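Dear colleague,

My notes on what was found follow after it.

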Amino acid sequence: SVSDDEPTTEELKQRQLRLEREERELAADADTEAESGSHQRRAEKARYLREMLETRADAERRAELEDR
């Protein structure tokens, strides 16, 4: 059970999507290759976490259906 203070899986996915987009924009606007690379890595990490959250959401949906 998720407490009211904790974000839902969907909210977490949306945060990671926003972070990924922001980091990709920062990478495109970076002044140096090193700075761009750092932003690209952060964007990739956000994408990975978003994909893991999608997997979690799928598992939550399956568990909910099984509980019915």
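Together with Tyr 48 and Leu 49, Met 52 makes a nonpolar surface patch of about 270 Å². Please keep in mind throughout that this is a predicted model.

The charged surface has a patch of its own, in which Glu 22, Glu 25, Asp 29, Asp 31 and Glu 35 gather as a region of negative charge, and the largest share of that patch, 3 residues, comes from α1. Asp 29, one of its members, belongs to helix α1 (residues 9–29) and counts as exposed because its relative accessibility, 61%, is over the 50% cut-off. Asp 31, another member, sits in the loop between α1 and α2 and is likewise exposed, at a relative accessible area of 72%. As for the distance across this part of the chain, the C-alpha atoms of Asp 29 and His 39 are separated by 9.9 Å, the two residues being 10 apart along the chain.

Glu 20 is also part of helix α1, but here the relative accessible area is 8%, and since buried means under 20%, Glu 20 is classed as buried. Once its neighbours within four places in sequence are left aside, Glu 20 is in contact with Ala 43, Ala 46, Arg 47 and Arg 50.

With best wishes

Key:
Residues numbered from 1 in each chain as written. Predicted model: local features only at pLDDT ≥ 70, side-chain atom pairs only at ≥ 80, totals over all residues. Heavy atoms only, no water. Helix = DSSP H or I, 4+ residues; strand = E, 2+ residues; numbered from the N terminus. Buried < 20%, exposed > 50% of the residue type's maximum accessible area, 1.4 Å probe, protein only. Patch = residues over 30% accessible without salt bridge, like charges linked within 9 Å, V, L, I, M, F, W, Y side chains within 5 Å. Areas by Shrake-Rupley, 256 points an atom, 1.4 Å probe, with all protein chains shown as cover. Salt bridge = Lys/Arg side-chain N within 4 Å of Asp/Glu carboxyl O. Contact = heavy atoms within 4.5 Å. Lys, Arg positive; Asp, Glu negative; His and termini not counted. Charge placed at Lys NZ, Arg CZ, Asp CG, Glu CD.
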